[in-house]
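I will jot down each thing as I look it up.

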Amino acid sequence: MAVASSHFLGIDPKMYRHFAMATVAISTIVAVFADGESQQAMAHNRKPAEIKQAEKPKFGKATLADNREDGGKRKSGGSGFHGQFGAPMDGSSAAGGNSGVIPAGLVLAPPPIIVEVNQNALARMTPEQRAAYLKRLEEERQRRMNEGPTVPSPAQVSALAASSAARSGSEEID
């Protein structure tokens, strides 16, 4: 059978007093250190404020300038970007500023056809098999080069979109 205790929750009242004294002591120490840091921070921040106050009579009141009246066109001479949106990649260096127009006389070389070689399969082949495999890959690359770029038909595009929607779990085609 348990022994009846005269203390509340079985804790001696002296422990409450010790806990209260320790709490007050720790709080006082934290307050002393925190107060010293705030005084140092205030003294540190006071110096730049004094310098700024001393510069006001020297340079006068600061004014804002609005340089947008050029309508987004580049100025002749000078340096820097003076574009409409403020970022160098938002326009082109052409006079019209339209980077989306492709010139009519522009001729692009067809992109190279890359047929990837399976290195794991290549490592397991005998020299004769490897030569035959590489020959077939080169023939496939030549065939694709002769065909030119493939443009899918609208039916192929809709079939691809439908299969993509089915894979993603969507019932609609975006």
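Which residues make up the largest nonpolar core? I looked this up before anything else, keeping in mind that the model is predicted. I found 5 residues in this core: Ala121, Leu122, Met125, Tyr133 and Leu137. I then checked which helices supply them, and both α2 (119–124) and α3 (127–147) give at least two residues each.

**Entry: the whole chain**

I stepped back to see the overall make-up. I count 4 helices and 0 strands, and the order along the sequence reads α-α-α-α. Of the 174 residues in the chain, 4% are buried. I noted an accessible surface of about 16,000 Å², with carbon and sulfur atoms holding 60% of that area. For contacts with a separation of 6 or more, I see that 14% join residues 24 or more positions apart.

**Entry: confidence**

How far does the predictor trust this chain? I read a mean pLDDT of 74, with 70% of the residues at 70 or more.

**Entry: a patch on the surface**

Which residues form a nonpolar patch on the surface? I found Ile11, Met15 and Tyr16, which together have about 290 Å² of accessible area. Is Met15 buried or exposed? I put Met15 down as exposed, because its relative accessibility is 51% and the cut-off for exposed is over 50%.

**Entry: salt bridges**

How many salt bridges does the structure hold? My tally is 4. As background, side chains of opposite charge can pair when their charged atoms come close.

I began with Glu138 and Arg141, whose closest N and O atoms are 2.8 Å apart in their salt bridge. Both residues belong to helix α3 and lie 3 residues apart, about one turn of the helix. I marked Glu138 as partly exposed, because its relative accessibility is 35%. Arg141 is partly exposed as well, at a relative accessible area of 25%.

Next I turned to Glu140, which has a salt bridge with Arg144, and here the closest N and O atoms are 2.9 Å apart. Why are these two separated by about one helical turn? Glu140 and Arg144 are 4 residues apart in helix α3, so about one helical turn lies between them. I read a relative accessible area of 22% for Glu140, so this residue counts as partly exposed. Arg144 has 36%, so Arg144 is partly exposed too.

Then I looked at Arg143, whose side chain meets that of Glu147 in a salt bridge of 2.4 Å, N to O. This pair is also 4 residues apart in helix α3, so about one helical turn separates Arg143 from Glu147. With 38% relative accessibility, Arg143 goes into my notes as partly exposed. I followed the shared partners from here, and the salt bridges join Glu140, Arg143, Arg144 and Glu147 into one network.

**Entry: wrapping up**

I will come back to helix α3, which supplies at least two residues of the core and holds Glu138 and Arg141.

Methods:
Residues numbered from 1 in each chain as written. Predicted model: local features only at pLDDT ≥ 70, side-chain atom pairs only at ≥ 80, totals over all residues. Heavy atoms only, no water. Patch = residues over 30% accessible without salt bridge, like charges linked within 9 Å, V, L, I, M, F, W, Y side chains within 5 Å. Areas by Shrake-Rupley, 256 points an atom, 1.4 Å probe, with all protein chains shown as cover. Buried < 20%, exposed > 50% of the residue type's maximum accessible area, 1.4 Å probe, protein only. pLDDT = per-residue confidence, 0-100. Core = buried A, V, L, I, M, F, W, Y, C linked by side-chain atoms within 4.5 Å. Contact = heavy atoms within 4.5 Å.
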